[in-house]
Amino acid sequence: MIGAGPGGLYFAALAKQLAPQREITVFERDGREDEFGFGVVFSDETLDGIAQADPEVFAAISAEFARWSDIDIRYAGQVRTSGGHGFAALDRNRLRAILQRRCAELAVDVRYRTPAPPVERLTAEYDLVVAADGIHSATRATYPEAFRTELDVRHCRYIWLATDRVFEAFTFIVEEFDFGVLQVHAYPYSATRSTFIVEIAEDAWHRSGFEARAGHELARGESDTESVRRCEELLAGHLGGHRLIPNASRWIRFTTVRNASWRHRNLVLLGDAAHSAHFSIGSGTKLALEDALALAAALSEQPTLDAALTAYETERRPVVESAQRAAQASLEWFETIGRRTGQGVDRFAFNLLTRSRRVTYGNLRARDAAFVDAVDTAVGGSPGVPPMFRPLKLGALELRNRVVVPPLATFTSPDALPSAFDRAQLTGHALGGPGLVIAGMTAVSPEGRATDRCPGLWSDHQEAAWSELLDSIRAVSDTPVGIQLTHAGRRAATTAPGPDGIGRPLAGGWPLLAPSPLPWDADSPTPHEANEVQLEAVTADFAASAERAARAGFDALELQFGHGHLVSSFLSPLTNHRTDHYGGPLSHRLLFPLEVLAAVRAVWPAGRPLLVRISAADWAPGGTTETAAVAICQALAEAGADAVDVSTGEVVAHQRPPYGRGYQTPFAELVRAATGLPTIAVGAISGHDDANSVLLAGRADLVAIGRAQLYDPLWTLHAAAEQDYTGPGARWPEPWRAGSRRPPGPGADRVAPRLHLLREPAPPVHRRWRPAPVEE
């Protein structure tokens, strides 16, 4: 073992316990009594694992836990409390002492003040070398090609401290100053101490004066005492006369560690050496202890060392990557906290608690229903009415709920007319209860079709077909129906997507149009650079199709200005290399999109919503920035857009989007906060719990449900049934009303007998940490 932190010691103890004949040596450069860090927080899962693996260690640490269930959010001079969470924490140095004692009992050879020999020598002399030497692992750095480490240095500065004020709950403090926002993550870990982490955005850190205080070099173990004193002054109102206590405390930036592999021959990484996750979702010590348990188990369960190390990484990597996804969402939330400081206290508190996507609307309601009811009431809702079933007015159009079925292409229109399947799909979606259904991708001209199986709206015949389709829908449903218009640009003239989701260039396809002669990928034809005459024609095509959509009877119109289609390609610097007035700075790149929007706005009826879909990020270096995305949406709002459908990506073939649950929602929140324009959140939102979380947190005004809608065309109505909601926001078709309740499942008629003489009382929702006073 290289490193005698909690993870290293716990692994050594477990490995020795499972096989006493093993010779285990732990190298640690610091002394046995040296103290680093403050408190560590454990989840119930981790504690269950420790209890099963080593009851003696579990009993020892349990005796010293600080326990509580509340989270306090201190913001704008007020406090909001959410209960029912459940935390256990203790002093990291006490944890180390307990594990040191356990290793001594098991005769593990722990060598303090003994730097590890060169790793090449260790791997030659030992059967297995475990590197638990931290986030800046020198062992890992010895083999960069084997581990292929990615170090993501983040944008906030933080300083890790303790205080002798004993907080009663996990406490988030958010204070606004003239230099920016200062946030604190604090929690108790003993009868006399709390962890107190102060965090600040990089630009605010420079403005605050902290930079000058941190300007001189600090020796190892030395603290930035001037910054500590300044934090005491700024946060005195929350310290209540208590002091901040440093321990090698200085301003640093968090680094997320990811490794393509955690092992190299007989060398394996553990804890922060292998991975790291931002402190705002928990403790790196927790992940390290879980690693230790999994590695020790794999060594005993597998027949060979190679199989054991493979099993260890196979088991742990998905768990760690899930934690890192949650941590990434959380740290990005805190990095951009200024977007939310204009929210009311209740909504802000809910937004903070649901930031990582692990805690959700339903999850919070199960923990503390009174807290969620208070948030519902504060934002103008009604307790008992899920946020997704609250009405919204867009233009003059009243939507009964906040669910949008986005354009879902069927690729069933070889004649460019809406097909029988389009009719069936749109009717099914309308009957399924959403607030709005949008048909698409509908081309404004023959050469604007993405594939040879996409519908259009450029002819009288098509207009009549769409009008007839709408009549058939309205014969059975009053759900509003909109249509998306597009010109696919350089993404046109492909086959319908195959099983891999990718269309291929059509043999004998039609000429492509784009702002610049840049093919989509190496297999695609080079498009023609559009001249002004062609752009005027495209603008006229959009306006003509919009007029046809209005006459056909569509209730709303969406313009596709994203996903690498023609208008989108003008907005992105990656696809617009023009040197005329349509290229260059963003103000020029916006010119053609605004011309299209103005032409459509002039002919589209004023009371019917006009939506625009954009790609707010290209997921490629040099692409659209957040600042540019806000400027684009602000310009769209000023030009008459009623709402923005905020998507991302599909602008360039070499994109690398971080796919995951709700991964695009932060961009909808960004646009909404910066412009005040109503937004639609879209992308990997599949459950009603996530939809409710997005809406109540104020991240978007509407949620688009795409693939989940294909899986279940009655998604909205089934979401109502699952939430026991029967109000006007979920209107079942009368012939289907008998099915509006969830059918009973297997065992639904079984009533469980009493199995306990005396039932355990339900734990209180609110539990505070209030230890007995410690005598001096």
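Quick housekeeping before I go on. This is a predicted model, so local features need pLDDT of at least 70 and side-chain atom pairs count only at pLDDT 80 or more, while totals for chains, interfaces and linings use all residues. Numbering runs from 1 along each chain as its sequence is written, and side-chain values use heavy atoms, with hydrogens and water left out.

Okay, the overall picture. We've got 27 helices and 28 strands in the protein chain; these are DSSP runs numbered from the N terminus, H or I of at least four residues for helices, E of at least two for strands. The radius of gyration is 29 Å, close to the 28 Å from the globule rule for 776 residues, so the chain is as compact as a globular protein of that length. That radius is over C-alpha atoms, and the rule is 2.2 Å times the number of residues to the power 0.38. Along its principal axes, the C-alpha trace spans about 85 × 60 × 60 Å.

Of the 776 residues, 56% are buried, where buried is under 20% relative accessible area, exposed is over 50%, and partly exposed is in between, with a 1.4 Å probe and protein chains only. As for contacts (heavy atoms within 4.5 Å), take the pairs at least 6 apart in sequence: 73% of those join residues at least 24 apart.

Now the inside. The largest nonpolar core has 77 residues, and L557 and F561 have the most contacts within it. By core I mean buried Ala, Val, Leu, Ile, Met, Phe, Trp, Tyr and Cys residues joined through side-chain atoms within 4.5 Å. Helix 19, residues 532–552, gives the largest share of this core, 7 residues. There's another core apart from it, of 60 residues, including I50, Y143, L270 and L295. Back at L557, its contacts beyond four places in sequence include A546, A549, W604 and L611.

Is E558 buried or exposed? Buried, because its relative accessibility is 0%. Beyond four places in sequence, E558 touches P407, I438, I483, Q484, L485, L611, R613 and D645.

Helix 25, residues 688–696, is mostly covered too, with 7 of its 9 residues buried. Among those buried ones are D690, N692 and S693. Just after helix 25, G698 takes a positive phi of about 80°.

Most residues other than glycine have a negative phi, and most peptide bonds are trans. Here, though, a cis peptide bond joins G440 and M441, with omega about -15°, and M441 lies in strand 20, residues 436–443.

Then two non-glycines with positive phi. R113 has about 50° and is in the loop between strand 7 (109–111) and helix 5 (119–125); with 56% relative accessibility, R113 counts as exposed. E650 has about 65° and belongs to the loop between strand 26 (643–647) and helix 24 (665–675). E650 is partly exposed, at 34% relative accessible area.
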